Amino acid sequence: MKQNTKLIQAGRGKEWTGQAVNPPVVRASTITFDTMAELAHASQRKGDRVPYYGRRGTATHFAFQEAICELEGGAGCALYPCGAAAVSGALLSFLQQGDHLLMVDSVYEPTRALCEKILRPMGVETEYYDPMIGAGIEALLRPNTKAIFLESPGSLTMEVQDVPTICNIARAHGVITLLDNTWASPILCRPFELGVDISIQAATKYIVGHSDVMLGTASANEKYWPQLREHSYILGYCASADDVYQASRGLRTLGVRLAQHQQNALKIAHWIAQRPEVETVRHPAFASNPGHDYFVRDFSGSNGLFSFVLKQGGAKAVAAFVEGMQYFKMGFSWGGYESLISPTLQVQKLRTASQWPYSGPLIRLHIGLEDPEDLMADLEQAFSRYQAAL
């Protein structure tokens, strides 16, 4: 089955949809049983998509979980109220006092905050590593290293990691690997084929695709799925059936949306790369991007998210650039149909284990589904304001 066909078919078995096209929205807290035997059956099969209690899920959840597993290749999928919750739920399912965690230095800022403000006081030591470390990760392993966390590409600076090499080393030492796979969505990279144990998605972004739902997923291989499932349940994580339905619906158009995001973004990224004000463009599909060879090897395409670095400028010039945009809006997240712009004045302040090679401010763009000519005209005005403010 080809990918776009799988996007249409995944999670739409008759056990979930009945005679309808889409799985219905089934909202529930209490699940009732007519006999002790039914109750015992549901209790014993809590991991097999059998209704037991609302927090375990309903047919709406089970259909979406099945779809994510089909698309990513995992044995099971846990749902969370947002992407950050998926990260915390996955890490807290496996880490305990005295463990050592290796965390990529280019990681999403809320994940770093989790390490410093939650895990460290719990007695979990986090050590950050250069995203381009590759096989060098082995030198950082300790007897108490429990997990390696990857984010590829980095959602701000776009380094693409050598995921298979890191995973092979981790597996040889009995270390769990977790990958924030949000940039790729479930279709641009198949993490379990690269050796990843747990794949995490902020479904808020490309899966939902319309900037109106918060949702997270964490899929695991057969070895780690039972523990991820049970611990996430014990921690109280769950998601609204209405939000899950929206995500399930978003999957159906994911392929065509990503193709258009990619086309628009590449056109704009190449135009930006020719600007005299720009030091470099950070886009995984560019040969100059760190880890580009891994991108070509491990990914089937790109999306709408990339960054570029200005040659110079402080807060005043950056404010002139990002304020007054017509189509680009300042805001967090990405992956919706709209274009977004986000400035970072000093990337190095967000790192502790690797050196950021540029001194100028970084601008991250999410290129939406607007006409790229309109977006480039908007950016042309931004560059003019920036030049005037220098």
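This is a predicted model: local features need pLDDT of at least 70, side-chain atom pairs count only at pLDDT 80 or more; totals for chains, interfaces and linings use all residues.
Trainee: Is F306 buried or exposed?
Mentor: F306 lies in strand 9, and the cut-off for a buried residue is a relative accessible area under 20%. The relative accessible area of F306 is 0%, so this residue is buried.

Trainee: Which residues does F306 touch, leaving out those up to four places away in sequence?
Mentor: One of them is A265, which stands 41 residues from F306 along the chain, with 7.9 Å between the two C-alpha atoms. With residues up to four places away not counted, F306 touches M158, A265, I268, A269, I272, V281, R282, H283, I363, R364, L365 and I367.

Trainee: In what order do the strands of the seven-stranded open sheet stand?
Mentor: The pairing in this open sheet is mixed, and its neighbouring strands are turned against each other by 20° on average, direction ignored. Read across the sheet, the seven strands follow the order 1-7-6-5-4-2-3.

Trainee: How many of the five residues of strand 6 are buried?
Mentor: In a regular strand the side chains alternate between the two faces of the sheet. In strand 6, I198, I200 and A202 point one way while S199 and Q201 point the other way, and all are buried. Strand 6 is thus described as mostly covered, and the number of its buried residues is five.

Trainee: Which residue of strand 7 stands opposite I198?
Mentor: Strand 6 has strand 5 (residues 176-180) as a parallel partner over three bridges, and there D180 has I200 as its bridge partner. With strand 7, strand 6 pairs in the antiparallel sense over five bridges. In that pairing, the residue opposite I198 is A220.

Trainee: At what angle does helix 4 run to strand 1?
Mentor: Helix 4 (residues 59-72) lies across strand 1, strand 6 (198-202) and strand 7 (216-220). Its direction relative to strand 1 is given by an angle of about 125°.

Trainee: Are helix 12 and helix 13 roughly parallel or roughly antiparallel to each other?
Mentor: Two packed helices are described by the angle between their axes and the distance between the axes. For helix 12 (residues 315-322) and helix 13 (residues 372-389), the axes come within 7 Å and cross at roughly 155°, and the crossing is right-handed. Angles over 145 degrees count as roughly antiparallel, and helix 12 and helix 13 are therefore roughly antiparallel.

Trainee: How many nonpolar residues take part in the contact of helix 12 with helix 13?
Mentor: From helix 12, K316, A317, A320 and F321 meet L379, A382, F383, R385, Y386 and A389 of helix 13. Of the residues in this contact, two are charged and none is polar, and the number of nonpolar ones is eight.

Trainee: What covers the buried residues of helix 12?
Mentor: The buried residues of helix 12 include A317, V318, A320, F321 and V322. Just after this helix, G324 takes a positive phi of about 90°. The elements that cover those buried residues include strand 9 (305-310), strand 10, strand 11, strand 12 and helix 13.

Trainee: In strand 12, which residue is the bridge partner of P343?
Mentor: Strand 11 (residues 340-344) is mostly covered, with four of its five residues buried, and two bridges join it in parallel to strand 10 (residues 329-330), where M330 stands opposite I341. Strand 11 also runs antiparallel to strand 12 (residues 362-366), with five bridges between them. In strand 12, the bridge partner of P343 is I363.

Trainee: What is the separation of the C-alpha atoms of T17 and T60?
Mentor: T17 has its place in helix 2 (residues 14-17), and it counts as buried because its relative accessibility is 9%. T17 and T60 are 43 residues apart along the chain, and their C-alpha atoms are separated by 8.9 Å.

Terms used: Residues are numbered from 1 along each chain as its sequence is written. Side-chain values use heavy atoms; hydrogens and water are left out. Axes are lines fitted to C-alpha atoms, for helices over the stretch in contact, and angles run from 0 to 180 degrees between N-to-C directions. Angles under 35 degrees count as roughly parallel, over 145 as roughly antiparallel, 65 to 115 as roughly perpendicular and the rest as oblique. A crossing is left-handed if the near helix is turned anticlockwise from the far one by less than a right angle, and right-handed if clockwise. Contact means heavy atoms within 4.5 Å. Ala, Val, Leu, Ile, Met, Phe, Trp, Tyr, Cys and Pro count as nonpolar, Asp, Glu, Lys and Arg as charged, and the others, Gly among them, as polar. Two strands pair if DSSP finds at least two bridges between them. Buried means under 20% relative accessible area, exposed over 50%, partly exposed in between (1.4 Å probe, protein chains only).
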